[in-house]
Structure formats: structure tokens, C-alpha cells
Amino acid sequence: MSETAQEREVSKGYNEVQLGPKLEVIPSDWEIESLSNWLSSLETGGRPKTSKRSESDSVLSIGGAHITDGSFDLDDPVRISEAYYQELNSGKIEEADILLVKDGATIGKSTYVERVPEGCAAVNSHVYILRVNHNQYDPRFLYNFIKSKTGLDQILRLTTGTAQAGLNRTFQQATKVPTPSLSEQHRIADILSTVDDQIQQTDQLIQAAK
């Protein structure tokens, strides 16, 4: 018998719901919404051909290799010109965006943009920007769900292709997000952000000690 068909006792005040391939238990007053409901936009960007790039390029271009879980790895930065950046119709990074690698070796990696690196940056065609409707949802809550096992399992199961698996734009409708009230989203996000900060501080102390 599959895991989704197994019965288990659910405490009062909670419901068992289908999230991707598994049944999960959530508070009964939470809703289940498509990821698309959360988003004001889903964007990706691009880069000019190599021949059109030069050493004078100044604006960061963020690709899959630059995203680690929860942060940026800019040891080997790639840049585009200011003129190319200004011409972009989509893909310009803003504070409170969620960046999600959509294909390649690091597909599914994500980070939350607390501050835009160097104050100005764009994504290339291998990264999605998930921009949340702030009037209804807390982007920090969504980011923590996306990087959770339940959220990530859903996303990775929606990849298509064989030579280079990737996420097409329809994944936002198929991904289901457990959604509490906005005030509860804020409260949960605050708690998880505090935990993440403490973990980061501990890691920094360990690296300094080494």
C-alpha cells in the first residue's frame, strides 16, 4: 500500500491533506492554495551573447551556480552591462524576491533576497524570480515552505525533460502551498528567520575558529 493511502490518526483541530505525492497534517483553519495565487509575477531573465559582453560590464547576473540554499555564492561573479540591464523587461531582482533555480545541476536551489547583491542585479534564463503579493502573503513564509522537504519534493516532481530537466511555468499552478492567515504567516516567518540567523551566526563562528 502506498504512503498516500495509509491511514493515520489525526488530532482534533488538524486535517490530513494531499501535498504532492504525500499526505500531510496541517491545522484545520489553514487553506491549500496554488503557488500561482501567491505570486504577483513569475519572471526569468537573460544574458547577452558572449561577444557582446566586456570587462567593463558592471551589473551582477545571477545564475544557478550563484545560488546556494539561503544565500549567494559570488566568488566567481558574472556581469552584464548597465545598458543591457536597463533594456531588460523582466528578471531584475528586488528585495523580498525568492530566487529559484529552474534547470541545470542545481535545480530546486533557492534563496530569499533580504538585500539585492551590490544594490543592483538580474537573473539569467536559468533562474526564476518568484515575486509575492505582499498585501496577502508573507514571502518569507513561502520561501521557508519552498525549501522544506514537502515543498521541494513537489517542485522537483514537476520537472520535465530528460537531457536537462527543468521547470516550465506551469509548475506554479501544480505546486500546492498550505496557507495560514497573514498574521500567522508573519509569526511563523519571524520565528524561522530568527532560527536561520542563529544558525548563520554559529556557522560564521565555526569558520572563524578554523
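In which helix is the place of Ala83? Ala83 is located in helix α2, which covers residues 82–87. The structure is a predicted model.

**Ala83**

- Ala83 has a relative accessibility of 49% and therefore counts as partly exposed, given that the exposed class begins over 50%.
- Between Ala83 and Val59 the separation is 24 residues in sequence, and their C-alpha atoms are 9.5 Å apart in space.

**Open sheet**

- An open sheet is formed by 3 strands in the order β8-β5-β11, with mixed pairing.
- The edges are taken by β8 (79–80) and β11 (121–123); each has a single partner strand, so one side of each is left without a neighbour in the sheet.
- Strands of a sheet pair through backbone hydrogen bonds, in either a parallel or an antiparallel sense.
- The pairing of β5 (residues 59–62) with β11 is parallel and comprises 3 bridges.
- Within this pairing, Ile62 has Val123 of β11 as its bridge partner.

**Second largest pocket**

- The second largest pocket contains about 180 Å³ of space.
- Its lining consists of Leu19, Glu24, Ile26, Trp30, Phe141, Asn144, Phe145, Ser148, Thr150, Pro178, Ile188 and Leu192.
- At least two lining residues come from each of β2 (22–27), α3 (139–146) and α6 (182–209).
- Helix α3 makes the greatest contribution to this lining, with 3 residues.
- Classified by type, the lining of the second largest pocket comprises 8 nonpolar, 3 polar and 1 charged residues.

**Aromatic pairs**

- The structure contains 5 aromatic pairs.
- For Trp30 and Phe141, the ring centres are 6.2 Å apart and the planes lie at 70°, so this pair is edge-to-face; the angle cut-off for that class is over 60 degrees.
- The pair joins distant parts of the chain, 111 residues apart: Trp30 belongs to the loop between β2 and β3 (31–34), and Phe141 to helix α3.
- Both Trp30 and Phe141 are buried, and both are listed in the lining of the second largest pocket.
- Trp30, Trp38, Tyr137 and Phe141 are linked into a cluster by ring pairs.

**Lysines over ring faces**

- Lys92 is positioned over the face of Tyr85, at 4.9 Å from the ring centre.
- Lys102 is positioned over the face of Tyr128, at 5.3 Å from the ring centre.

Terms used
Residues are numbered from 1 along each chain as its sequence is written. This is a predicted model: local features need pLDDT of at least 70, side-chain atom pairs count only at pLDDT 80 or more; totals for chains, interfaces and linings use all residues. Side-chain values use heavy atoms; hydrogens and water are left out. Helices (H or I, at least four residues) and strands (E, at least two) are DSSP runs, numbered from the N terminus. Buried means under 20% relative accessible area, exposed over 50%, partly exposed in between (1.4 Å probe, protein chains only). On a 1 Å grid over the protein atoms alone, a cavity is a set of points where a 1.4 Å probe fits but cannot get out, and a pocket is an open set with protein on both sides within 12 Å along at least five of seven lines; lining residues have an atom within 4 Å of a point. Grid points are joined across faces, edges and corners, and a volume is the space filled by probe spheres set on the points. Ala, Val, Leu, Ile, Met, Phe, Trp, Tyr, Cys and Pro count as nonpolar, Asp, Glu, Lys and Arg as charged, and the others, Gly among them, as polar. Two strands pair if DSSP finds at least two bridges between them. Rings of Phe, Tyr and Trp (its six-membered ring) pair if their centres lie within 6.5 Å; planes under 30 degrees apart count as stacked, over 60 as edge-to-face and the rest as tilted. A charge sits over a ring if NZ of Lys or CZ of Arg is within 6 Å of the ring centre and within 35 degrees of the ring normal.
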